Amino acid sequence: MLGRSLADRYPAMARVTTYKIRRMKSKGKKIVMLTAYDTPSAQILSECGVDMILVGDSVGNSLLGYESTIPVTLDDVIHHCAAVARAKTKSLIIGDMPFMSYKVSAEQALQNCGRMLQEGGAEAVKIEGGGNVVDIISAVVDAGIPVMGHIGLTPQSIYELGGYRVQGRTADSAEVLVEQAKRIEAAGAFSLVIELVPTETAKAITEAINIPTIGIGAGPHCDGQVLVLWDMLGLFEDFAPKFLKKYANIRQVISDAVKQYAKEVRDGEFPNDSHSFEMAEEESGRLYGRSKPNEP
Ligand code: KIV
């Protein structure tokens, strides 16, 4: 046992927890978060040391063919969250509460956030909204469920916000966001996503609260960053907002591989002997009639 760390002896201790995430802000360590919706992606993210995996309602736009996150259901997110949980990650797993799954009442929120942990295997939930969700966050945290807040552009409210627009562009609207962030912290949230706001606004929020801020389209001063996995891998040619850096062109990789496969099938090059199984010579002879099968 000598020389082995506690984390080696007790693998559960190596896992990222909400406590560790909060400590990262006080230690000045940047937090890395990405979305995932399936087991192999979650395994890769965990192996790469990603701190938090968000099973976002962005699964609707990324994988389910919806134009917004509004049609995504609680069952959809739970289904994908359970797949991510089966990856047995070191990363902290957060289940995103979809449209209308938590705003009806505190009871509704408690029941549905509970399902996200019990059925989805999440270790925390994310709840979108400002002052309107503070009481709900407080009730959920009181029930022992860690909550990540989400302010700025909240995609579940695009109709009310008038589209995917940068929020907090004026000093007054930035101050409103700072106040929302303080109330969400006071309600007990362990971290806060800030989406699509000017760098200055995100900096003011980050400096005003003690819980870590995780930015997307919110500049470099947040305590951590999040991107949607399939956006940063370059799956979508036509989705290129200013804040998105594409780290790969996975669409090209998939397209090249599929074209090559189709060509080889059509040319009779695939499969060849190395991809095929053989009968024993005697059986092959019997099959093709060179010797008669033994009669009983
Ligand atoms: O659903 C999602 O992926 C999100 C992130 C963009 C923060 O909410």
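1. Lys182 is partly exposed, at a relative accessible area of 37% (buried means under 20%, exposed over 50%, partly exposed in between, with a 1.4 Å probe and protein chains only). Its salt-bridge partner is Glu179, with the closest N and O atoms 3.7 Å apart (a salt bridge is a side-chain nitrogen of Lys or Arg within 4 Å of a carboxyl oxygen of Asp or Glu). Glu179 is partly exposed too, with a relative accessible area of 44%. Both sit in helix α9 (residues 171-186), three residues apart, and so are separated by about one helical turn.

2. A word on the source: this is a predicted model, where local features need pLDDT of at least 70, side-chain atom pairs count only at pLDDT 80 or more, and totals for chains, interfaces and linings use all residues. Residues are numbered from 1 along each chain as its sequence is written, and side-chain values use heavy atoms, leaving out hydrogens and water.

3. Asp223 and Lys25 form a salt bridge, their closest N and O atoms being 2.9 Å apart. Asp223 lies in the loop between β7 (213-216) and β8 (224-227) and Lys25 in helix α2 (residues 18-26), so the pair ties together parts that are 198 residues apart in sequence. Asp223 and Lys25 are both buried. Helices (H or I, at least four residues) and strands (E, at least two) are DSSP runs, numbered from the N terminus.

4. Asp267 pairs with Lys263 in a salt bridge, with 2.8 Å between the closest N and O atoms. Asp267 counts as partly exposed at 45% relative accessibility, and Lys263 is partly exposed at 43%. Across the whole structure, the search finds nine salt bridges.

5. Next, a helix pair. The axes of α5 (residues 74-85) and α6 (residues 106-118) come within 9 Å and cross at roughly 25 degrees (axes are lines fitted to C-alpha atoms, for helices over the stretch in contact, and angles run from 0 to 180 degrees between N-to-C directions). The two helices are therefore roughly parallel to each other, a label for angles under 35 degrees.

6. On the α5 side, Leu74, Asp75, Val77, Ile78 and Cys81 meet Asn112, Arg115 and Met116 of α6 (contact means heavy atoms within 4.5 Å). The residues of this contact divide into five nonpolar, one polar and two charged. Asp75 and Arg115 also belong, with Glu119, to a network of salt bridges.

Technical notes:
Angles under 35 degrees count as roughly parallel, over 145 as roughly antiparallel, 65 to 115 as roughly perpendicular and the rest as oblique. Ala, Val, Leu, Ile, Met, Phe, Trp, Tyr, Cys and Pro count as nonpolar, Asp, Glu, Lys and Arg as charged, and the others, Gly among them, as polar.
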